[in-house]
Amino acid sequence: MKSIDVAASVGKWFLLQYVLLALMPYFFEGIYGDGLLVLMFLYTTSYAAYWEYVPKEKRVAWIFAPYLIYLIIAVALCFIVDKWRLSLWLCLLWPVYGLGCFIGVKYVKRWYKQTKSRYRYGGAAAKFAIALLFIALKCICVSWECLGQGSFDGEKKELLGRRDYLTGKLVVEPEEVLDAMPSTIGEQFRGEWALYSCSMLSQALVNISRLYPETRTENLQMIDSLIGVVMSKELRRYDSMRWYEDPLETLDGNKSHVSYLSHLAWMICGYKKAGGDGKYDRMLDSLCRTMNRRICESKAMNLPTYPGEAVYVPDMLVAIVALNEYADLYGGKYRATVKRWTERAKKEWLDEGSGLLVSFLKEDGCKYDDSFVKGSYSALNCYYLTFIDKTFARKQYDTLKRLFWKDSWVTGLKEYWDRCYYFGLDIDAGFILFELSPSGTAFLTGAATYFGDVQVRSGILKTAEIAGHTVGCGNRRHYLLGNVALVGEAIMLAMRTHRGF
């Protein structure tokens, strides 16, 4: 029973210290990492065990014993662990933070009891005051994290920290990438999310190489590794499962595979544009030749992502982007296909009510009678169009802002423009809250960054900070929600680095 009590006490105090630490990054900039959490766990465990096992009459006399045990282990770690970045002084003084938390909690408990007993609604007022304290800390934290945003020089440290976090999660073995995706969404969506995570991180690395040329060599190596992950049998299994054939082993066939093939081709184009060698040239030629043939053989110039399902316009746009990028590299080859598809999109595939590209099409290219436009799909369409037709992209972006943008205390993009949908769950949009679409808001960042819309971009980054909450781990930085949906972290990095050069 005592061991259970110790475990419960460690869990309670460690969680409290972690939450407070996460709400005060402006105090611990640059030192908040795994080592710090290890130290916090060490002294918390030492004192929790001491308090439980040592008799009350001896606690004061031996009060420094747990500290000495902690200090011996902490100093040993400094010399034994190669990547231990914490100084001896920090190891020596860090338990003072735990002591401060302990004293603060005891004081708050005493104040709460006194307030509750003295006043009629004292308990409720005290709880409200404590809640306000945490809200104030959160507001200060958001303001601090938003400092420096708006210029790529000011955001450099943060962007590189987010890059390092993502590469640590995705530049690994394919099985580890798939394991990093939520298991509850099923095998198909795990594969899709893994593909999108690698694809978006790859594009972010291309962007970062242009923003900060001194990082190009290391970025190129990571793009190379990501291409290897996407080409693996483990990752492409989700597409093979739906089409009953392997996408890379059947390039001479006629089945679509458009989503998988287009993302892989786009990644290789990015590798080439970032200065990569010709190791993937034959694969890129085969991918683009296959996609171009299948698109041109389709009467509607559209290919379904999966058999028996609608044509998802954002998935088709990735293929058009890849062909356009290939045309930039190889003297305009396949540019005619890109132009034909874009012209048809402008004339045939716009939603009559909104003027935006539709989200779904029938395989024959006809619009659905009851079709509707989703904010998440439209924002992603705008992003992809910036690679193809800047004028068309700008018109779509302006229309999207006018119909879907919600400017309030939490700004963002609505998932629907013609109906009220305050709460819900969508596999593409995410958790819809107060009409706002998490995915749509993230995707809109790409076009806002590209067109230099500072007000919209800043509003989105503030919303992302409120909802996601940035935490640090050594030199790495990420939204706390990135541990739940890694694909969102990768998308956000690609979108906020999509500068229009």
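Modeller: H469 follows helix α20, and the phi of H469 is positive, near 65°. This is a predicted model, in which local features need pLDDT of at least 70, side-chain atom pairs count only at pLDDT 80 or more, and totals for chains, interfaces and linings use all residues. Residues are numbered from 1 along each chain as its sequence is written, and side-chain values use heavy atoms, leaving out hydrogens and water.

Now the helix itself. α20 covers residues 454–468, which is 15 residues. Helices are DSSP runs of H or I with at least four residues, numbered from the N terminus. From first C-alpha to last, α20 reaches 20 Å, close to the expected 21 Å. That expected span is 1.5 Å times one less than the number of residues.

Which residues of α20 are buried? They are V456, R457, G459, I460, L461, T463, A464, E465 and G468. Buried means under 20% relative accessible area, exposed means over 50%, and partly exposed lies in between, with a 1.4 Å probe and protein chains only.

Next, a helix pair. The axes of α19 (residues 438–450) and α21 (residues 486–496) come within 7 Å and cross at roughly 15°. Therefore α19 is roughly parallel to α21, a label for angles under 35 degrees. Axes are lines fitted to C-alpha atoms over the stretch in contact, and angles run from 0 to 180 degrees between N-to-C directions. A442, F443, T445, G446 and T449 of α19 make the contact with I491, M492, M495 and R496 of α21. Contact means heavy atoms within 4.5 Å.

Conventions. Helix = DSSP H or I, 4+ residues; strand = E, 2+ residues; numbered from the N terminus. Parallel < 35°, antiparallel > 145°, perpendicular 65-115°, else oblique.
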